[in-house]
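Student: I would like to learn how to read some features of a model. Could we start with a side chain and a ring?

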Amino acid sequence: MELSKTAKLAQQLVRIKSVTPDDNGCQDLVKKILEPLGFTCTTIVEHGVTNLLALRGNGAPFTLFLGHTDVVPTGDESTWEHPPFCGDVFEYNGKPYLYGRGSSDMKGGDAAMIVALTEYIQKHPNYKGTLGLLLTSNEEGDAIGATPFMVEYLKEHNLIPNYCLIAECSCDEVFGDSIKNGRRGDLNATIIIHGIQGHAAMEQHAKNAVFEASRLIEGMHQNPIDNGTDFFPTTSFQVSNIQAGTGADNVIPGSCYMRCNFRWNDMQTPQKIEDHVRAVAKSLNIDCEMEFKAEGDPFLTKDGKLIDALKDSITKVTGMTPTLGTSGGTSDGRFIRPLGTETVEFGPVANLIHKVDERVSIEEIDKLTEIYVDVLEKLHA
């Protein structure tokens, strides 16, 4: 099949192995596309992270597309149906998909943003205002030297966007069914639960730290942090890692290490969540140590011209009437929204991100490009 410009660019990007925080040349490829169109491209490397800011035009309105070129590791590549950086197109359920790590999160979306910018400029070279693209290579990691750093750069240079569009996967079941107008905050905790080490056959003289950890986990499930808000779902609690034991089968573990993740809504603060967890542990008389680290605040765009334009464009291209939602993972939108920028995510269906055999529908990223062009025509007329 003959691939579209969007699919061809996405294919090129997927074939570049850019595991976070290594951009590995993805952004150089983007610069070669945008510079001939009159974009001023600035590459800023900070803490080993590569950031690209591409700008064209001046004044308001200023629409910024935001994305990332880094991808998560593949894991055991032998579990993949095809090599994870092959970037080939295969048929699934009768439709063509671009295959490979990062195809869905988010190089397919990156390609749609970039091609939409090129097509819009070719149609409307004398548009009103400013167009921009910000790409980072450390969205999947700890964000040090990445978008938060670039937000400070934007503030220092008085480059505050009116609108920010992020091509992260946002749709729930069918392309066009959901716009993410916000996301929950991200908080991680290390919890070390203490028991009493002993011989597996002398349990009366020991206290199994894993059993104590299971009591804490059950206590958290029985005492949820909240029940959600008008715009956000319930604050979640997940155990992301758990370790215990000496390696010997006949030893009851005296300590258990847990990493926990909380996705929190606008009803909470990191301190409130920490207080809740400590209160649950105290009520159960569990001996433990805790350390909490906030990774990002929730963000929300309730309404505005960007949402109105995006809704209209999605309906025009897909026939769908999208809902607004805040479920799912967080994104770098949490760093842009505090600037006062109307910030939303809209991209492909999110069911394949970070998975083995990750892939993205060619049809979806082509329609995404069409939607973005239509949005720009509404915002910059």
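Student: Which charged end sits over the ring of Tyr97, and how far is it from the ring centre?

Tutor: A charge sits over a ring if NZ of Lys or CZ of Arg is within 6 Å of the ring centre and within 35 degrees of the ring normal. Here the charged end belongs to Arg359, 5.9 Å from the centre of Tyr97. The charged end of Arg359 also sits over the ring of Tyr92, 3.9 Å from that centre. This is a predicted model, in which local features need pLDDT of at least 70 and side-chain atom pairs count only at pLDDT 80 or more, while totals for chains, interfaces and linings use all residues. Residues are numbered from 1 along each chain as its sequence is written, and side-chain values use heavy atoms, with hydrogens and water left out.

Student: What is the strand order of the open three-stranded sheet, and is its pairing parallel or antiparallel?

Tutor: Strands of a sheet pair through backbone hydrogen bonds, in one sense or the other. Helices (H or I, at least four residues) and strands (E, at least two) are DSSP runs, numbered from the N terminus, and two strands pair if DSSP finds at least two bridges between them. The open sheet has the order β4-β5-β19, with antiparallel pairing. At its edges are β4 (89-92) and β19 (359-361), each of which pairs on one side only. Ignoring direction, neighbouring strands in this sheet are turned by 40° against each other on average. Four bridges link β4 with β5 (residues 95-99) in the antiparallel sense, and the bridge partner of Glu91 in β5 is Pro96.

Student: Which helix lies across β5 and β19, and at what angle to β19?

Tutor: Axes are lines fitted to C-alpha atoms, for helices over the stretch in contact (heavy atoms within 4.5 Å); angles run from 0 to 180 degrees between N-to-C directions. The helix is α3, which runs at about 45° to β19.

Student: How many residues of β3 are buried?

Tutor: Buried means under 20% relative accessible area, exposed over 50%, and partly exposed in between, with a 1.4 Å probe and protein chains only. In β3 (residues 62-68), seven of seven residues are buried.

Student: How do the side chains of β3 divide between its two sides?

Tutor: In a regular strand the side chains alternate between the two faces of the sheet. From β3, Phe62, Leu64, Leu66 and His68 point one way, whereas Thr63, Phe65 and Gly67 point the other way. β3 runs parallel to β6, with seven bridges between them, and Leu66 stands opposite Leu134 of β6. β3 is also joined to β7 by four bridges, again in parallel; there, Thr63 stands opposite Tyr163.

Student: How many aromatic pairs does the structure hold?

Tutor: Rings of Phe, Tyr and Trp (its six-membered ring) pair if their centres lie within 6.5 Å; planes under 30 degrees apart count as stacked, over 60 as edge-to-face and the rest as tilted. The structure holds eight such pairs. One of them is the tilted pair of Tyr120 and Tyr127, 5.8 Å centre to centre with 50° between the planes. Tyr120 is buried at 2% relative accessible area, and Tyr127 counts as buried at 11%. Phe262 and Phe292 form another tilted pair, at 6.2 Å and 35°. Phe262 lies in β14 (residues 255-264) and Phe292 in β15 (residues 288-296), so this pair ties together parts 30 residues apart in sequence. Both Phe262 and Phe292 are buried. Trp80, Phe90 and Tyr99 form one aromatic cluster.

Student: Which residues of helix α2 are buried, and what covers them?

Tutor: In α2 (residues 26-34), the buried residues include Cys26, Gln27, Leu29, Val30, Lys31 and Leu34. Their cover includes α1 (5-14), β1 (40-46), β2 (49-57), α3 (103-123) and β6 (130-136).

Student: How many helices and strands are in the chain, and what share of its residues counts as buried?

Tutor: The protein chain has nine helices and 19 strands, and 55% of its 381 residues count as buried.
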